[in-house]
Amino acid sequence: MTPPLPEIADAGRLTEALRRSGALGEGQVAEVTVENAFSTLLSRITRLRLTYDGAADGAPAALVVKAGLPDAPGRLWEAGRREVAFYREVAAATPPGLVPRCFDAAWEQESGAWHLLLEDLTATHEVATRWPLPPSLLQSEAIIRARARFQAAWWDDPRLGAGIGAWQDAAATEQATQRLATQYASFADVLGDRLPVARRDLYARLLDAAPRLGARYHAHRQMTIVQGDAHVWNCFLPRDGTGEGARLFDWDGWRIDVGTDDLAYMMAVHWYPELRRGAERHLLDCHHAELLAAGVAGYDRGALQDDYRLSVLWQITTPVWQQANGIPPVIWWNNLERVHLAAEDLGCRDLLDG
C-alpha cells in the first residue's frame, strides 16, 4: 500500500515553497509521488519524487518531508517548534554544507502541527551504521570534525542570545535544577535498589553543586550552538568515504551551551568503556584541531578537556530526563550504565569537591 502524501506535498504548495527558497524558477511541480515513508519516535519522514513542467533547471528531483506525529513524546518539549526555529533562524545563517538545506519550515501554534521540507541526500550520503552499532574510527573522525566546523561557525557569535536562541538566566537555571530534582526523585524511586548507593550520592552532590557548576555556562564565554541529541546516527556521511561534506541533522534539542556537551553525549552516553577509552582522547584532539583551523582562538586543549569532564558529569542527568519524558528503557537504561562508567573513568566526581 502506497503511503499517503503529507499535506505539504500538494504540487501547488511545493511549487510555492521551492520558489520562495530560490530553488525553482518559472517552472512548476507537476507530479508528486511517495518513494518511501517511515516513523521515528518523534516524527514522520516521507521521501518524495518530483517531476516538473516548464523551466526547472537545478530544482530538486526529490525532497524529504519531516512532520510531527500525534501524541509523540516530543510534544512534551515542542520538538517540532524548536526544529522549525532552528531551520528558520540558525540554519539560514549558517555557512552552507554543514546541515541539510531547508526549503520550507512551518509550525502552527494552535494545533502544534509542523513540517520541514528538506533536501534529499539519499544519493550522496548515508548514516554511518545502523543503531546501536558504533561507527568506525574514521567515520567518528568525520562526524566530530563536522561538529567542530558547525560549532566554530557560531563560536561566541554576538547574535547568540540576541536574535539566535536565548540565554537562561539565574532564575530559569534554578527552576531547571528544581525540575531535575523532582525528576530524579521519581527516577530513583522507579529504580529502587537497581540504582546503587554510590550513584545516588553522586546525583545528590551534583544537585547541591549545581549553582557553582553553572558558573561555566553563565560566564557566556567560549560558547556556541549545540545540537543536544548529538549521537552519531544524526549525521549524514558522504557515500564516497571521504568524510568531506558531512551534514548534521535532527535539531529539535538545539540550544546555546558549551560545545563539549555534544561530544560527551556522542561518546560518554553512547559508547561502552573499551571503545570510548580507545577513541576518546584522539577524537577530542581532532575536534580541537578543527576548531582552531576554523578560526576559534583563546581555547586551548586543556580548556576543552576541562569542559568535556564537566559535560560528562552533567550528562549523568540525561537518562533521568529521558525516563521522565517517556523515552523507552531500552534507550535510557543503557545510557545510564555507560555514562556513569565514563564519569568514573574521567574522575568527574572530583569536580564536586569545590
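I looked up cysteine 235 and found it opposite leucine 248 in strand 9. Strands here are DSSP runs (E, at least two residues), helices are H or I runs of at least four, and both are numbered from the N terminus.

The model is predicted: local features need pLDDT of at least 70, side-chain atom pairs count only at pLDDT 80 or more, and totals for chains, interfaces and linings use all residues. Residues are numbered from 1 along each chain as its sequence is written, and side-chain values use heavy atoms, without hydrogens and water.

I then checked strand 8 (residues 235-238), which runs antiparallel to strand 9 with two bridges between them. Two strands pair if DSSP finds at least two bridges between them. Helix 3 (residues 137-153) packs on the sheet and touches strand 8 and strand 9 (contact means heavy atoms within 4.5 Å). The direction of helix 3 makes about 115° with that of strand 8; axes are lines fitted to C-alpha atoms, for helices over the stretch in contact, and angles run from 0 to 180 degrees between N-to-C directions.

Next I traced strand 1 (residues 28-39), which pairs antiparallel with strand 2 (residues 43-53) over ten bridges. A hairpin of three residues links strand 1 to strand 2. I noted isoleucine 45 in strand 2 as the bridge partner of phenylalanine 38. Strand 2 also runs antiparallel to strand 3 (residues 62-68), with seven bridges.

Last, I looked up asparagine 335 in helix 11 (residues 329-345). Not counting residues up to four places away in sequence, asparagine 335 touches Val269, His270, Pro319 and Gln322.
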